[in-house]
Amino acid sequence: MMREPQRVEAAGLPERVTIYEVGPRDGLQNEAAVIPVEVKAEFIARLAAAGHRVIEATSFVHPKWVPQLADASELLAGMKRVPGVRYPVLVPNERGLDRALEHGVEEIAIFASATETFAGRNLNRTLESQFAMFEPVVARALGHGLKVRAYVSMCFGDPWEGPTPVAQVVSVGRRLLDLGCFELSLGDTIGVGTPGHVAALIEAFGGPDRLAVHFHDTYGQALANTLTALREGVTVVDASTGGIGGCPYAESATGNLATEDLVWMLHGLGVETGLDLAALVETSTWLAARLGRPSPSRVVQALGEHPSRTTAENVEE
């Protein structure tokens, strides 16, 4: 069995892609099982050992809304940090920022909506008033020397409103960038986007500068959409090890793009990631046993029974 894809480089792609790993936060927040904090800490350590340099560790969302991440303080106090690895946390409001600052967090993310209905359901705000909530959070975070990333959800469609106008997404996104966010992650929260739509949205922003992408695989489009974004010049892609997660506020949102599936495609295209595919598969297999269900990642399903990698050197021996 092939343990790695055959490398055939393709023109028009970046030499290297940064995978922004969201499994410990966006992945675990939508799992039915509440994972013990020591397992979360080991999960994060395994991800760093596999080569990840950006791992979104947790969220300071109120535990009433996301009980799976109620142990955020305990996790940050006890987990081992690897030099050179970024560990951003999601911060919904100023109280969440206070907690992040207490734990010495160096990077945060905020989570906005591109649609009116989802802003109300997820943030208890209108599309317009959400910015009044974000402005002091971003200003204070920047004042403390933190980096701030912004997510925008429902960029390609909303289960209540239908298609999201491209101009509306651009308006929301630009306002977040203007606040001082260093990066904007465009989220296909319910997985309805298609490659043409992806290209049109990136072009409407005037190009890929400061943009990242976050795809869900509800309709099987996540890899195709990612490849389109890369051809448009995007070099940061969100993914979740094992393909776990979704969105607790949108029932039609299924799992995130699996990190292993993304790495298989990128390595096959000759795009560097710095990640060890075998270690990722082994980690997902380990995590699946603790979640009590198999990984949705196709690569993990194909390689998970024998996670050790077979290299050309091993074959020659």
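View 1. Strand β3 (residues 89-90) and strand β4 (residues 107-113) run parallel and are joined by two bridges, and two strands count as paired if DSSP finds at least two bridges between them. This is a predicted model, in which local features need pLDDT of at least 70 and side-chain atom pairs count only at pLDDT 80 or more, while totals for chains, interfaces and linings use all residues. Residues are numbered from 1 along each chain as its sequence is written, and side-chain values use heavy atoms, with hydrogens and water left out.

**View 2. The open sheet of eight strands.** The eight strands are arranged in the order β1-β8-β7-β6-β5-β4-β3-β2, with parallel pairing. Because β1 (18-21) and β2 (58-59) stand at the edges and have a single partner strand each, one side of each is left without a neighbour in the sheet.

**View 3. Ile108 and the nonpolar cores.** The largest nonpolar core has 82 residues, of which Val89, Ile108, Ile110, Leu176 and Leu184 touch the most other members; such a core is a set of buried Ala, Val, Leu, Ile, Met, Phe, Trp, Tyr and Cys residues joined through side-chain atoms within 4.5 Å. Apart from this core lies another, of 15 residues, which include Val61, Ala109, Ala212 and Val236. When residues up to four places away in sequence are not counted, those that Ile108 touches include Val91, Leu97, Ala100 and Val148, where contact means heavy atoms within 4.5 Å.

View 4. All five of the five residues of strand β7 (residues 211-215) are buried, so the strand is largely enclosed by the rest of the structure; buried means under 20% relative accessible area, exposed over 50%, and partly exposed in between, with a 1.4 Å probe and protein chains only. In a regular strand the side chains alternate between the two faces of the sheet. From β7, Leu211, Val213 and Phe215 point one way, whereas Ala212 and His214 point the other way. Strand β6 (residues 183-188) pairs with β7 in the parallel sense over five bridges, and Leu211 is the bridge partner of Leu184. On the β8 side, two bridges join β7 to strand β8 (residues 236-239), where Asp238 stands opposite His214.

**View 5. The two faces of helix α8.** Val198, Ala199, Leu201 and Ile202 are the buried residues of α8. Seen down the helix axis, these buried residues fall within an arc of 165°, so they line one face of α8; the arc is that of the directions from the helix axis to the C-beta atoms. They pack against α7 (166-179), β6, β7 and α9, whereas the face turned away from the buried side carries the exposed residues Gly196 and Glu203. Just after α8, Gly206 takes a positive phi of about 90°.

**View 6. Ser59 in strand β2.** Ser59, which is found in strand β2, is buried, with a relative accessible area of 2%. Leaving aside neighbours within four places in sequence, Ser59 is in contact with Arg25, Leu69, Ala72 and Leu90. Gly23 lies 36 residues from Ser59 along the chain, and the C-alpha atoms of the two are separated by 12 Å.

Note on methods. Helix = DSSP H or I, 4+ residues; strand = E, 2+ residues; numbered from the N terminus.
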